[in-house]
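Thanks, everyone; let me put the structure up, and then I will go through the ligand surroundings and some of the helix packing.

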Amino acid sequence: MSASAPITQDVHTIPRKLPEGPLNLVGLTRDAMRAALIDAGVPEKQAKMRVGQIWQWIYQWGVRDFDVMTNLAKGLRTELSERFVIEVPEVVSKQVSDDGTRKYLVRIAGGHEVEVVYIPEEGRGTLCVSSQVGCTLTCSFCHTGTQKLVRNLTAAEIIGQVMMARDDLDEWPEIGAPKDETRLLSNIVLMGMGEPLYNFENVRDAMKIAMDPEGIQLSRRRITLSTSGVVPEIARTAEEIGCQLAISFHATTDEVRDRLVPINKRWNIDVLLEALRSYPKVSNSERITFEYVMLHGVNDSDEDARRLIKLIDGIPAKINLIPFNEWPGAPYKRSSNNRIRAFADIIYKAGYASPIRTPRGEDIMAACGQLKSATERARKSRRQIEAEAGLAGR
Ligand code: SAH
Ligand code: SF4
């Protein structure tokens, strides 16, 4: 990594409403929606009830047209349609992999694009959601990390990805239908583009909407936030979101982690593990997922596996081994299947679940770490990437 490259981003600069024109109701917290309705002339005494009604239309039934909201008086519906919109990001293209994985390219305000991936599995389906356009961090094995941060997504753009996917899966229930128990979109992982904990408030507000019992109704156990290790925000994630946590761990010494996940220079392995120890208790979650990308000859030795076990001792954990997904110009190779299995075995014998993540949607570049918006696909040269990874001359 070059000395001048930013490794942190502490500002939340994105306006929470559209810069001009009518206000988008999508993504507002209940309190913010209430304030917006009062501002629009809804009597204060009624505002809470109206929020509940509109909320259900938008998030339970997937309605985008105020005219369909038949429990609101016609005059109010007209008033609302003049002042507000219900908007989700626009799908620019959709690719479907041989394995059924769907990758959407969606356009957001400002002409930016992000990728969203739907992964169908037996009896469930996971949506991999993006939180930023690009990323400020520069993990050397990650394709998104070669793209500069363009901006944080708003809460509307984050929850809008879920709504867009439900549109595409044709999964909104019939109005008035009883709660649907089986879902095509049953899980959310914040593992798309960006570092969710550098966009904390917007991610939190969007996930609160996803979990709201009068809306999309996903249990907090079905939402997993993956972070590269933004330590100051980890306790807040437990307290204010309470979802499952995944950590992009990837190395067992600071020397290697500094190279793979440069945020380690700011918060190293010891500091990170300390922050993780209280997470399960505070968030009432069962265990933390440690993500570990398998890079040939870099972090995949038996010794690494044994060090990993020692490091996480005392933390309720599961280790998710991710075979490295290659991308054009990537400075690493995937570990062999035998190496991955041997590594997994050591961890498993120490008493931890150690699933090996099956790469999904590789043929459409939808697998972990391959996401990068087409408009920003101007690639760095291989030499530049290697230099940043500290691999030059190896
Ligand atoms: N920024 C967050 C979430 C997005 S990345 C984070 O870093 O945790 C989601 C996961 O994919 C992370 O564990 C990341 O380290 C991993 N990943 C990134 N690039 C990858 C690649 N090329 N192959 C396999 N996994 C990768
Ligand atoms: Fe950003 Fe995560 Fe990729 Fe690192 S792995 S560059 S934090 S998206």
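Around ligand 2 we find C135, L137, C139, C142, G145, G194 and S228, where a residue is taken as near a molecule if one of its heavy atoms lies within 4 Å of it. That shell divides into four nonpolar residues, three polar ones and no charged ones, with Ala, Val, Leu, Ile, Met, Phe, Trp, Tyr, Cys and Pro counted as nonpolar, Asp, Glu, Lys and Arg as charged, and the others, Gly among them, as polar.

Before I go on, please keep in mind that this is a predicted model, in which local features need pLDDT of at least 70 and side-chain atom pairs count only at pLDDT 80 or more, while totals for chains, interfaces and linings use all residues. Residues are numbered from 1 along each chain as its sequence is written, chains are lettered from A and ligands numbered from 1 in the order in which they are written, and side-chain values use heavy atoms, with hydrogens and water left out.

Turning to ligand 1, there are 21 residues surrounding it, and the closest are F141, G194, S226, S248 and H250. With N325 it is a backbone N or O atom that is involved, lying 2.9 Å from a nitrogen atom of ligand 1.

Now to the helices, which are DSSP runs (H or I, at least four residues) numbered from the N terminus. Helix α4, residues 155-168, packs against α5 at an angle of about 40 degrees, with the axes 8 Å apart. The two are therefore oblique to each other, given that angles under 35 degrees count as roughly parallel, over 145 as roughly antiparallel, 65 to 115 as roughly perpendicular and the rest as oblique. On the α4 side the contact (heavy atoms within 4.5 Å) is made by A155, I158 and I159, and on the α5 side by N202, V203, D205, A206, M207, I209 and A210. By class, this contact has eight nonpolar residues, one polar and one charged.

Helix α5, residues 200-211, also packs with helix α6, residues 234-241, here at about 30 degrees and with the axes 11 Å apart. That angle makes α5 roughly parallel to α6. F200, E201, V203, R204, M207, K208 and M211 in α5 meet R236, T237, E240 and I241 in α6, and the classes in this contact are five nonpolar, one polar and five charged.

Finally, how are α10 and α11 oriented to each other? Helix α10 (residues 302-311) and helix α11 (residues 337-349) pack at about 30 degrees, their axes 9 Å apart, and they are therefore roughly parallel.

Key
Axes are lines fitted to C-alpha atoms, for helices over the stretch in contact, and angles run from 0 to 180 degrees between N-to-C directions. A polar contact is a pair of N or O atoms within 3.5 Å; within protein, one must be able to donate a hydrogen and the other to accept it, and residues adjacent in sequence count only if both atoms are side-chain atoms.
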